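Me: Please show me the sequence and the structure, and then we can go through some questions about them.

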Amino acid sequence: MVRFENVGLRYGLGPEILRDLSFQIPAHSFQFLTGPSGAGKTSLLRLLFLSHRPTRGLVNLFGHDVSQLGKDEIADLRKRIGIVLQDFRLLDHMTTYENVALPFRVMGRSESSYRKEVIDLLRWVGLGDRMDALPPILSGGEKQRAAIARAVISRPQLLLADEPTGSVDPTLGRRLLRLFIELNKSGTAVIIATHDIALMDQYEARRFVLHQGRLHVYE
Amino acid sequence: MSRTDQRGVLVDLGQERPPLPAKARNLSPIVPRASIHGRALVAVVAIMTFLASMTTGAVLLVSASAAEWQSDVASEITIQVRPQSGRDIERDTAAVTEAIRAQAGIVEVKPFTKEESGKLLEPWLGTGLSMDDLPVPRMIIARVQPGTSLDLGALRARVTQVAPSASVDDHRAWIERMRSMTNATVLAGIGILALVIVATIISVSFATRGAMAANRPIVEVLHFVGAGDRYIANHFLRHFLRLGLEGGVIGGGVAMLLFGFSESIAGWFSGTPVGDQFAALLGTFSLRPSGYVVLAVQAVLIGAITAVASRQTLFATLNDVD
């Protein structure tokens, strides 16, 4: 599903942040991405989400060489990817319900066709009573759960999560991990970038460790 | 079959679910309606539309008044009979009057008597002056039937035949000067209008750029959830079109109200020296219904120009945001 070959990334004329990355992410797989701060985890997630282009090497996503893709094709591919960013990126003028339903709205689906799915998921992540709240009045943990719900609502084929349990207590962290595992079992490939060793120890999965721009894969 | 059906719903980890609310939700717009940049854009468009409407309205007023003067003046000819030694001016005036009456296309002839001619000179010479001591020419005003092309050469020949000292003036030189002045005013108005529209486009482009910068997080999130540029641009375009029309309606509406109000003011002052001067210069200072239609169309047009200018800026900005 995802194939990287000798991929390098640098910002402007700066040093290479990522060097010679070569790996594959098969469909239905689950992996943790870890490494020290500044190792390039977020940059790698952005490469996977197509918001950065590699400086060198080949990135193949869902059978497409990303260097050959136009903006419209990238937008179409992104519909198959869910992403949870550290800063949540919720829209402040929309309620929690509307934020989570946004991918369906962009797909052009009617509100009545997705209402049940969105409400079910919001209740499942513990935001059933915060559906009509605006993000500025949500706590950090609530925002994180809303961002996760938005990323998984459309059952993406690939889910990328950057520190998804960083702002929640261990109980809710375990619960969110269960959500990712359930999603993975239903066919979504999952990549979770995290520093949380305890979280990684809860589930047997492949580990990608980034160190000084290079990637080490532990099966 | 939906993807949910294919994969099954997410497993609930053990919570009783209350029944779903049945009512549909009113969704917020993708682009928030009220924002500082939005209000600034409405204000810019409103001011520009107001200026454009005032320019257009003034041009329409001047051209309508000028057309009125021209038609008034063009439907009249003035014959001047000068006193000449050895000739009886009263007889010459009567002969010329008869000669003009006989001309086809003339509907009314009014010769000025000696007393009336004296009255015309009163503002310059004062009262109590004997006209017998002065060689005052006699005026004859003839009204031409509208739409008739008068044979001025034949009329001139006939008039000078009966009174060699008489001259015929069809005000052509004055009309030409008036036409040039009106054309210059209209051209200046169009020039100002063009400048206002260019200024509108530039201001709107900057306002759009500012609004897009303020809405950059929205654009980024929309990109994250898989929205293409076209989808995003359409939503922003709708937003800017609405703001443009809002500004257009406010600016155009205020200008129309002002023209309507000035008409009332002109009515209040009619009969006073100031009002009469104004009426002589600009008629009743009132826009015709077609003038109001022009202003309304212009307001909508400026709203549309706002949307088009925003669209150009939008796509340029979207290329930078990812």
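Me: How do the residues of the lining of the largest cavity divide into nonpolar, polar and charged?

Reply: This is a predicted model, in which local features need pLDDT of at least 70 and side-chain atom pairs count only at pLDDT 80 or more, while totals for chains, interfaces and linings use all residues. Residues are numbered from 1 along each chain as its sequence is written, chains are lettered from A and ligands numbered from 1 in the order in which they are written, and side-chain values use heavy atoms, with hydrogens and water left out. On a 1 Å grid over the protein atoms alone, a cavity is a set of points where a 1.4 Å probe fits but cannot get out, and lining residues have an atom within 4 Å of a point. Counting Ala, Val, Leu, Ile, Met, Phe, Trp, Tyr, Cys and Pro as nonpolar, Asp, Glu, Lys and Arg as charged, and the others, Gly among them, as polar, the lining divides into 8 nonpolar, 2 polar and 3 charged.

Me: Which strand gives the most to the lining of the largest cavity?

Reply: Strands (E, at least two residues) and helices (H or I, at least four) are DSSP runs, numbered from the N terminus. Strand S6 (81–84), helix H3 (96–107) and helix H5 (140–152) of chain A each supply at least two lining residues. The most, 3 residues, comes from S6(A).

Me: Is Arg214(A) buried or exposed, or partly exposed?

Reply: Buried means under 20% relative accessible area and exposed over 50%, with partly exposed in between (1.4 Å probe, protein chains only). Because its relative accessibility is 37%, Arg214(A) counts as partly exposed.
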